[in-house]
Amino acid sequence: MQRQQEKPTEKPKKFRVFGPVATRFTSSDTGSWRLERPKVRFEDCIKCGTCAMFCPVNIIEILKDQKECVIIDFNYCKGCGICSNVCPKKCIDMVPERGHE
Amino acid sequence: MTYKMLDGNSAAVEAMKLAKVQVISAYPITPQSSISEKLSDLVESGELKAEYIRVESEHTALSVATTAQLTGARSATATASNGLALMHEILSMTSGNRVPIVMPVVNRGIAAPWTLWCEHGDSIAQRDTGWMQFYSQNVQEVLDLTLTTYKIAEHGDVLTPAMVCIDGFFLSHSLQKVKVPTQEEVDKFLGKYVLKNTYLDPSDPMFICNLTPPEDFTEMRYQQKVGMDNAIKVIEEVQKEFLSKFGRKLHIIEGYKTDDADVVLLAMGSMTGTAKYVVNKMRSQGKKVGIAKLTVFRPFPFEHIKNLLGDKKVIGVFDRSAGLGGQGGPVWSEVSVALKEFDIDIRSYIGGLGGRDVPADTIEKIFDELLSIQNREKDTHTQWIDLKKNAMEIREVIKHV
Amino acid sequence: MYNIQHDTKDLVSHGVPACAGCGLELVMRKTMDVLGEKTIVVIPPGCSALFSGFGDETALKIPGFQGNLENSAALAAGIRAGLNVKGDKETTVLAFAGDGGTVDIGLQALSGVMERKDRVLYICYDNEAYMNTGIQGSSSTPLFASTTTTPTGKKTNRKDLLQIAIAHEIPYCASASIHNPRDFQKKVKKAKETNGPSLIHIQAPCPTGWRYEPSKTIEIAKLSVETGLWVLYEYEEGKITINYKPKQLKPIEEYLKLQGRFKRMTPEEIGQLQEETTNRYERYIKKLEGMSL
């Protein structure tokens with residue numbers, strides 16, 4: 001179980017190790033928890049970035065020069081509603097999650 | 001190679017110094033305190049280049065050593081008695097994460113009752129934690145076992161931490177003439193610490209010791225068992241190499257005049273030195289006795305025990321720990337299982353607790369009992385061999401009735 | 001290195017099974033934004049262990065170790081010692097523990113680190129109970145709060161972690177609140193650059209344990225500061241800076257009524273708590289201002 005040498009030009013090799021260790025960086029399917037989802041009224045959005053700053057999951061992106069200026073990654077949004085709560089313009093509504101997936 | 005007058009603690013420190021330990025986190029406890037002091041002296045004087053972390057408890061001491069070693073430094077700690085008991089939680093952390101720390105344990109009984117003095121109850125109580133255990137007969141062995149244990153524990157097929165047990169006061173504080181190898185010899189023998197298995201390095205990240213599901217836990221414990229199984233072979237190889245390089249023979253189990261012995265006593269620790277003297281004395285009286293000195297208790301060398309003692313008829317096993325609630329002492333239990341396929345009468349002896357000396361008289365008494373059993377003159381033996389007659393009456397309180 | 005199977009903007013997975021609206025999740029992300037890749041983290045069993053992961057999966061891109069509940073500080077000190085041996089002064093050693101693992105069972109190890117001046121960045125996210133094991137009371141649970149081991153309300157006040165740290169005279173410590181992440185991140189940066197132990201005590205509201213709607217996490221954190229219950233201040237090389245003093249303390253009822261864990265309080269108890277909070281706040285501010293001299 002030799003120490004892996006850091007040589008970026010070499011192909012990564014697998015080494016067997018013993019004991020408890022996590023080796024894969026992955027995600028859980030937290031998007032499936034949602035009972036509500038945030039819906040942004042883009043026309044009222046002032047692109048202040050407050051929602052993005054407070055999203056605990058960090059999946060809100062602000063695109064300042066787009067009409068759809070708030071992009072939410074619904075793969076991971078848990079529907080907590082913090083974005084809606086902190087928005088200074090109250091332009092995010094929490095609506096029921098559509099469909100049963 | 002030079003000769004030095006060293007006590008057991010100093011010998012352990014000498015070995016740790018020669019092994020060039022890089023992080024030290026030792027918390028003082030009688031009779032280990034001089035280990036933490038001497039290491040501190042060596043670091044302050046510059047003789048040993050190491051980070052000395054003056055920890056605030058033994059629990060922290062082993063925690064610091066474990067992660068320091070995972071980060072790439074050969075780490076050192078040492079303890080005794082209640083300190084080892086406090087470390088208990090972390091012992092499993094160290095062994096479960098396959099961190100090969102070598103830790104001198106100065107054997108002293110665990111409270112209650114409070115004792116400052118020698119018995120094996122502290123380390124024996126930790127026999128299930130996945131650590132190897134080596135018991136020293138004399139101060140030379142303390143040095144030699146500590147040195148060899150670094151090589152054994154850090155071996156890629158073993159990766160298991162180890163305790164080097166030193167009888168409290170009898171060895172830790174007794175000055176003996178010790179052959180000390182040179183730094184060059186030890187450098188060639190041990191080499192620098194090489195990170196194997198898992199480690200903490202931002203340039204090569206991994207998350208160590210996170211929650212493990214039932215689907216994997218058994219297999220990880222099995223990996224530890226395989227490490228222990230491999231250790232026996234590795235111990236043999238390393239001890240062989242040590243003999244050729246340093247000229248001193250270490251054992252997994254040493255049979256002293258056991259080949260033709262009628263009865264054999266199996267024991268660990270400093271009392272085996274006294275026992276060898278008793279064997280010589282009784283042999284000169286025509287009694288064919290022998291002493292089996294068990295050096296490696298974990299991994300339990302059942303094959304070696306079978307090979308050495310399988311042809312005997314009567315054996316005694318001396319436990320320097322009480323093994324409360326068991327049928328007999330813990331070492332006796334394990335030896336009995338190892339020898340169960342043979343028709344041997346194996347008697348459990350418990351003594352030398354809480355600092356009580358195991359002098360030649362006691363050992364002679366045991367041998368005489370074993371011989372009587374072997375001659376079919378007796379059928380019983382005195383399990384608690386050095387028990388006082390008024391055992392149940394040694395304390396009285398006065399009350400107003 | 002990690003087998004990266006998930007696209008993220010930063011060092012933390014987007015799909016972490018923390019509760020919806022979890023204050024701690026925000027703390028971890030904001031922390032990692034400042035500290036970056038050259039960080040080794042120690043995480044005890046508890047809510048933050050959700051980031052260590054399960055099985056061979058993890059939610060962090062940095063190296064880490066999940067230790068025992070009471071030795072996060074000690075394990076961090078060990079990592080720092082190992083890094084010192086290797087001559088690595090750049091890597092940050094982060095201990096990321098909750099209130100239970102810090103002020104209760106972890107206090108001894110933390111005190112040792114602070115006394116020895118080991119260079120460890122300790123972030124205590126305070127959700128005011130042992131949340132991961134089921135909302136049991138800790139010594140950071142506030143007065144009158146209901147937990148599963150203080151069902152009719154806690155009868156004693158909480159420990160003041162920062163004052164304990166200040167008593168050790170460490171180079172830097174601060175309190176923070178997630179309603180002001182920029183302030184928190186400024187403090188993390190200062191702590192990162194501290195040559196010695198640093199401690200940040202950040203309140204992390206917990207929708208599950210405090211029993212409120214998850215959307216109100218930031219609102220509650222803000223109210224905690226506005227009512228004088230949580231004071232934002234820094235201790236830097238012996239000097240105290242109070243970061244924020246509300247012009248007028250909001251009535252604590254606004255804070256309490258949002259949370260199910262204070263539901264059982266009687267009007268008398270609320271009155272008692274209001275008086276105590278106001279007096280305590282005033283004395284505390286005076287004390288802090290006096291300490292700077």
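**Talking through chains A, B and C**

Mentor: Residues 24 or more positions apart account for 66% of the contacts in chain C with a separation of 6 or more, and please keep in mind that we are looking at a predicted model.

Trainee: OK, and how many helices and strands does chain C have?

Mentor: Chain C has eleven helices and ten strands, and of its 293 residues 59% count as buried.

Trainee: How does E10(C) pair with E9(C)?

Mentor: Strand E9 (residues 233-236) of chain C and E10(C) run antiparallel and are joined by four bridges; to give one pair, C:Tyr233 has C:Ile242 in E10(C) as its bridge partner.

Trainee: Back to E6(C): how many of its residues are buried?

Mentor: Six of the six residues of E6(C) are buried, which leaves the strand mostly covered. C:Leu121, C:Ile123 and C:Tyr125 point one way from E6(C), while C:Tyr122, C:Cys124 and C:Asp126 point the other way, and all are buried.

Trainee: What about the pairing on E6(C), parallel or antiparallel?

Mentor: E5(C) and E6(C) run parallel and are joined by five bridges, with C:Leu94 having C:Leu121 in E6(C) as its bridge partner. E6(C) also pairs with E8(C) in the parallel sense, over six bridges, and there C:Asp126 stands opposite C:Gln203 in E8(C).

Trainee: Switching topic, where does chain B come into that sheet?

Mentor: Strand E10 (residues 207-208) of chain B pairs with E4(C) in the parallel sense over two bridges, and B:Ile208 stands opposite C:Phe65 in E4(C).

Trainee: How many residues are in contact between chains B and C overall?

Mentor: In total, 39 residues of chain C are in contact with 36 residues of chain B. On the side of chain C that touches chain B, at least two residues each come from strand E2 (39-43), helix H2 (49-52), strand E4 (64-66), helix H3 (72-85) and helix H5 (107-116) of chain C, and the largest share, ten residues, comes from H3(C). The residues of that side divide into 17 nonpolar, 17 polar and five charged.

Trainee: You mentioned H3(C) and H5(C); how do their axes cross?

Mentor: The axes of H3(C) and H5(C) come within 7 Å and cross at roughly 40 degrees. The contact is made by C:Ser72, C:Ala73, C:Ala74, C:Ala76 and C:Ala77 of H3(C) together with C:Ala109, C:Leu110, C:Gly112 and C:Val113 of H5(C), and these residues divide into seven nonpolar, two polar and no charged.

Trainee: How is chain B divided into domains?

Mentor: Chain B is divided into domain 1 (2-246) and domain 2 (253-374), and 27 Å separate the centres of the two domains, taken over C-alpha atoms. In chain B, 26 residues of domain 1 are in contact with 21 residues of domain 2, and the largest share of the side of domain 1 that touches domain 2, five residues, comes from H8(B).

Trainee: Last one, what is the pattern of chain A along the sequence?

Mentor: Chain A follows the pattern β-β-β-α-β-β-α-β, and buried residues make up 34% of its 101 residues.

Technical notes. Residues are numbered from 1 along each chain as its sequence is written. Chains are lettered from A and ligands numbered from 1 in the order in which they are written. This is a predicted model: local features need pLDDT of at least 70, side-chain atom pairs count only at pLDDT 80 or more; totals for chains, interfaces and linings use all residues. Two residues are in contact if their C-beta atoms, placed from the backbone, lie within 7 Å. Ala, Val, Leu, Ile, Met, Phe, Trp, Tyr, Cys and Pro count as nonpolar, Asp, Glu, Lys and Arg as charged, and the others, Gly among them, as polar. Two strands pair if DSSP finds at least two bridges between them. Axes are lines fitted to C-alpha atoms, for helices over the stretch in contact, and angles run from 0 to 180 degrees between N-to-C directions. A residue is buried if 20 or more other C-beta atoms lie within 10 Å of its own, exposed if 12 or fewer, and partly exposed in between; C-beta atoms are placed from the backbone. Domain bounds come from an automatic or database domain assignment.
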